[in-house]
There are 2 protein chains.
Amino acid sequence: MSFFTIVGMVAAFLTTFSLLPQTIKTIKEKNTEGISVIMYSMFTAGVFLWLLYGFYTKDIPLMLANLVTLAFAVTILTLKLKYR
Amino acid sequence: MSFFTIVGMVAAFLTTFSLLPQTIKTIKEKNTEGISVIMYSMFTAGVFLWLLYGFYTKDIPLMLANLVTLAFAVTILTLKLKYR
């Protein structure tokens, strides 16, 4: 694994898991008040496209980061639509 | 520009600008209450590493997305530290 793949993996870990506490809090409290459906749908669509892009460019850090983030984002978006 | 570079550019636009309203609101209201310094520092460090990774892999969508996101993140982190 090259030095820069490690940089990519650390970047993937940091940006993905920095969202985790907020995600868990939102899921636990089912409180999606502060979340805008339009913005969060944009974010989720963007993460999905990053995932496609990661697969195409065979970029492992990009794939991993966006696979996990997509799972978080879809969970929160589902909650948002359910508890509007 | 290849099809997948366009996919990357659209992904970059969506994930970066879906953060914009929240960022502007935080800057305008100088209200960083809901933001955790640790999590936001993790996020900012991760975005910085994605930027380095983007430069190394010469990945334009990745560079652009993280350059803009880094500007947002550093602004908010500075506000957070200033108005604790």
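**Entry 1. Terms and model**

I take a helix to be a DSSP run of H or I at least four residues long, and I number helices from the N terminus. By that rule I placed B:N66 in helix α4 of chain B. The model I am examining is predicted.

**Entry 2. Chain A overall**

I began with the secondary structure of chain A and found four helices and zero strands. Read from the N terminus on, the order of elements in chain A is α-α-α-α. I then looked up the extent of the chain: along the principal axes, the C-alpha atoms of chain A fill a box of roughly 45 × 25 × 15 Å.

For burial, I noted that 44% of the 84 residues of chain A count as buried. The accessible surface of chain A is about 4,700 Å², and carbon and sulfur atoms account for 72% of that surface. I also looked up the contact range. Taking contacts in chain A between residues at least 6 apart in sequence, I recorded that 72% join residues at least 24 apart.

**Entry 3. Helices α1 and α4 of chain B**

I next looked up the packing of helix α1 (residues 3-17) against helix α4 (residues 60-82), both of chain B; their axes come within 8 Å and cross at roughly 10°. Because of this crossing angle, I describe α1(B) as roughly parallel to α4(B); the cut-off for that term is under 35 degrees.

I listed the residues that make the contact. From α1(B) they are B:T5, B:G8, B:M9, B:A12, B:T16 and B:F17. From α4(B) they are B:I60, B:P61, B:L64, B:A65, B:V68, B:T69 and B:F72. Sorted by class, the contact of α1(B) with α4(B) holds nine nonpolar residues, four polar residues and no charged ones.

**Entry 4. Helices α2 and α4 of chain B**

I turned to helix α2 (residues 20-29) of chain B, whose axis comes within 10 Å of that of α4(B), with a crossing of roughly 30°. This angle also makes α2(B) roughly parallel to α4(B). I recorded the crossing of α2(B) past α4(B) as left-handed.

On the α2(B) side I found B:L20, B:T23, B:T26 and B:I27, which meet B:F72, B:T75, B:I76 and B:L79 in α4(B). The classes in the contact of α2(B) with α4(B) are five nonpolar, three polar and no charged residues. I noted B:F72 in the lists for both helix pairs.

**Entry 5. Positive phi angles**

Most residues other than glycine have a negative phi. I therefore looked up residues that depart from this pattern.

A:K58 has a phi near 50°, a positive value in a residue other than glycine. I located A:K58 in the loop between α3 (37-56) and α4 (60-82) of chain A. Its relative accessibility is 67%, so I count A:K58 as exposed.

B:K30, also not a glycine, has a positive phi of about 50°. I located B:K30 in the loop between α2 and α3 (37-56) of chain B. At 41% relative accessibility, B:K30 counts as partly exposed.

Is B:V47 buried or exposed? I found its relative accessibility to be 1%, so B:V47 counts as buried. B:V47 lies in helix α3 of chain B.

Leaving out residues up to four places away in sequence, I listed the contacts of B:V47 as A:T15, B:N66, B:T69 and B:L70.

I then returned to B:N66 in α4 of chain B. With a relative accessible area of 8%, B:N66 is buried; the cut-off for buried is under 20%. Apart from residues up to four places away in sequence, B:N66 touches B:V47, B:W50 and B:L51.

**Entry 6. A:L52**

Which residues are in contact with A:L52, its neighbours within four places in sequence aside? I found B:F4 and B:V7. A:L52 is in helix α3 of chain A. Its relative accessibility is 33%, so A:L52 counts as partly exposed. I also recorded a C-alpha separation of 9.8 Å between A:L52 and A:L67, which are 15 residues apart along the chain.

How values were computed. Residues numbered from 1 in each chain as written. Chains lettered and ligands numbered in written order. Predicted model: local features only at pLDDT ≥ 70, side-chain atom pairs only at ≥ 80, totals over all residues. Heavy atoms only, no water. Axes fitted to C-alpha atoms, helices over the stretch in contact; angles between N-to-C directions. Helix = DSSP H or I, 4+ residues; strand = E, 2+ residues; numbered from the N terminus. Parallel < 35°, antiparallel > 145°, perpendicular 65-115°, else oblique. Contact = heavy atoms within 4.5 Å. Nonpolar A, V, L, I, M, F, W, Y, C, P; charged D, E, K, R; others polar. Buried < 20%, exposed > 50% of the residue type's maximum accessible area, 1.4 Å probe, protein only. Areas by Shrake-Rupley, 256 points an atom, 1.4 Å probe, with all protein chains shown as cover. Left-handed = near helix turned anticlockwise from the far one by under 90°.
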